[in-house]
Structures are given as structure tokens and as C-alpha cells.
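Please look through the sequence and the 3D structure below before reading the report.

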Amino acid sequence: MASDKFQKRSSDSEPGFTTASLPDIVFMLLIFFMVSTVLRETEIKVRTQLPSAEALTKIDQKRLVSKIFIGPLKQGENKGDTAIQIDDALVENRRAIRRIMYNKLQEQPKLIASLKVDRESEMEIVNQVQQELREANALRINYASTRESNAQ
Amino acid sequence: MAGLLDKRREGRDDVEIPTASMADIAFLLLIFFLVTTTINVDTGIGMTLPPKLQQDQQPPPVKDRNMFKILVNSQGDVLIEEEPSSLTQVRDRVKEHVLNFGEDADLSENPSSAVISIKTDAQTPYRIYIRTLDEVWMAYREIWDSIARSGQTPGGEQILNQTFPNYQAYRSSLDPEDDNLIRDNFGANISIAEPDTGE
């Protein structure tokens with residue numbers, strides 16, 4: 001009697017995982033990564049090939065960072081001219097930087113201005129921007145640079 | 001003949017799309033996205049600009065012996081303390097200056113009053129400026145590394161309760177609200193002078 005029951009059971013249900021829901025789980029993860037992957041937030045209109053350095057520090061708090069791009073224009077009439085871009089707009093008047101940065105500083109008092117400057121830019125423009133930042137009292141800056149490769 | 005057709009039909013009814021490989025396909029895509037997603041961390045050289053001076057306010061005086069001047073022109077030529085030099089020498093010269101402890105009359109009195117001044121021409125490429133600044137920071141990094149390894153400052157003061165293989169390891173052991181004891185006790189004074197405009 002007992003052995004009869006046992007045998008019946010083993011023949012009825014095949015052991016094994018149900019893999020039917022596995023694709024659903026994986027697709028859910030996949031969709032999460034596809035959605036959360038951000039390719040580029042803003043269009044950068046100036047070329048910024050960053051310099052390389054050794055004594056780097058990481059900025060952990062991304063929300064404190066405000067980026068200032070300085071470099072030659074990628075396209076347009078004045079292609080190749082050095083220009084300044086903050087967020088997604090080019091800054092024509094350099095005097096306007098202090099106002100822009102001052103407003104940003106009001107929103108985020110611990111603002112870090114990340115200077116993304118093209119390696120071939122001249123110091124004159126960098127210093128002008130720094131003077132503007134001093135006027136705006138945005139004193140925490142960061143010279144964005146990449147890790148030095150061993151080949152160099 | 002008809003019998004054969006019937007048999008085929010019967011077989012077709014049982015056919016299903018095999019879903020077993022679906023998971024593999026999804027995993028492959030998932031791994032692809034996992035690998036290609038780069039959460040890029042911003043890295044760079046952090047600096048603090050001096051606050052804007054009020055009208056007719058003079059910059060704080062610095063003794064000449066404490067000031068270590070580095071001049072870089074547009075060709076990348078370096079002048080250290082008025083002597084022609086090269087970028088590769090900057091690091092050792094800065095360390096020598098900072099860790100002088102009043103020994104040499106031309107170098108700094110003590111590390112906290114030592115000031116490194118970098119001055120560039122208006123036409124100096126940014127790349128060369130960053131290289132110079134990097135060398136100066138690396139000089140301090142090497143000093144901080146030795147503090148992290150020994151737990152005491154070059155002046156012989158015990159500031160850390162435990163030792164670390166290098167400064168980076170010490171920094172990563174800190175919580176965001178912790179004080180960085182190495183930098184508090186042995187700060188870097190780097191001054192960026194305004195360039196000559198040629199006017």
C-alpha cells in the first residue's frame with residue numbers, strides 16, 4: 001500500500017525548477033538598466049579634452065557639482081574659437097558668469113564648480129573665469145582631469 | 001497517404017516555442033547593459049579660491065622665505081625661485097621647501113607657514129598649468145603618505161592612532177563627517193597668482 005502510493009507520486013510530478021518566470025525577472029532587471037542608463041544629459045558645444053593628472057580626488061556628491069566647460073567651439077561660424085559653456089548654453093558675456101554662479105550658489109551653498117577645460121586652452125580665459133567665480137563667491141573649484149595613463 | 005498527413009497534424013499540435021532559452025537571451029542582454037553602463041565619477045584636482053578682496057584691502061603678507069615661487073611661461077619653461085628649472089624638479093623642490101623646519105635660511109620656517117605660489121603667463125596652455133599644479137599636489141601627497149604610514153607628522157607629532165599603507169587608504173577609511181586629521185595638521189597652501197596681462 002505504502003510503496004504503491006510512493007511510486008505513484010514519483011511518476012506524477014517531475015522534479016525541477018519552474019524556469020518560466022525566470023525570463024520575467026531578468027527582463028525586469030534589463031528594463032531597469034535600460035531606463036536608468038543615461039547617455040548624455042546635455043549637449044556639449046565645446047571640445048573639452050581634459051588634461052591628465054595624478055593627484056586626483058573624487059567628487060562623491062554629484063548634486064553639488066556645477067560644470068563649466070571651456071574650450072574651442074565644435075561647430076558654427078566661429079568654429080575653433082574658445083568659448084565658455086555653463087549647463088547647456090554658451091556664455092557670450094564673461095561678466096554674466098558671476099550672476100549665473102551667484103544664483104546657483106543661492107540654491108546650493110556647498111557648490112563645487114567643476115572646470116572642464118580643454119588641455120590646449122590658454123590660462124587667460126581660465127583666470128578670467130576664476131576671477132568671476134571669486135566675484136560670485138563660489139570658491140570651491142575642481143579642475144576636472146583624467147587619470148594619468150602609464151603610456152605618457 | 002492520408003494517414004501520413006494525419007500523423008503530421010497530430011505532431012504539430014504538440015509544438016510549442018521553447019521558452020527555456022528565453023532566460024539566456026535576456027541574461028545576455030542584461031550582461032551587455034551591465035558592462036556598458038558606466039557610472040562615471042567626476043575626478044579632478046580640488047582647489048579653494050581665495051575670497052574676493054575688499055576695496056583697498058591688501059592680501060595677507062607672506063614672508064619672502066616662506067614663499068616658494070614657481071613661474072611657468074607660455075613655452076612651458078619653468079622658473080623655480082628665479083632659477084631656470086624643469087617640471088620634473090618641482091616635486092622634490094617643493095618637499096624640500098615644506099619640510100625645511102627653519103634649517104635653511106632661504107626655505108620655509110615651518111610647514112604651516114610655507115606657501116607655494118604658481119604663476120603663469122596669459123598664453124600658458126592649461127595642460128602645462130595642470131601638470132605644474134599636479135606636481136605640487138603630489139609633493140604634498142607624498143608627505144601625507146608618509147604621515148599615514150607612520151601616524152606622525154614629519155615634526156614628530158603623533159596624530160593618528162593607527163597606520164595606513166598610504167594617504168588614499170586613510171581617506172577612504174573616513175566617514176564624510178569625520179575630520180581629515182592629516183590635512184588639518186598638515187595643510188597645503190597653494191596660491192594661484194594672477195597672470196601678467198602684459199598691460
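## Basis

This is a predicted model, in which local features need pLDDT of at least 70, side-chain atom pairs count only at pLDDT 80 or more, and totals for chains, interfaces and linings use all residues. Residues are numbered from 1 along each chain as its sequence is written, chains are lettered from A and ligands numbered from 1 in the order in which they are written, and side-chain values use heavy atoms, leaving out hydrogens and water.

## Helix α2 of chain B

Helix α2(B) spans residues 22-36; helices here are DSSP runs of H or I with at least four residues, and strands are runs of E with at least two, numbered from the N terminus. Ala23(B), Ala26(B), Leu30(B) and Phe33(B) are its buried residues (buried is under 20% relative accessible area, exposed over 50%, partly exposed in between, with a 1.4 Å probe and protein chains only). These buried residues fall within an arc of 95 degrees seen down the helix axis, so they line one face of α2(B); the arc is taken from the directions from the axis to the C-beta atoms.

Leu28(B) and Val35(B), on the other side of α2(B), are exposed.

## Gly46 of chain B

Gly46(B) sits in strand β1 of chain B, residues 43-48. Its relative accessibility is 27%, so Gly46(B) counts as partly exposed. Between the C-alpha atoms of Gly46(B) and Leu181(B) there are 18 Å in space, and the two are 135 residues apart in sequence.

Key:
The expected span of a helix is 1.5 Å times one less than its number of residues.
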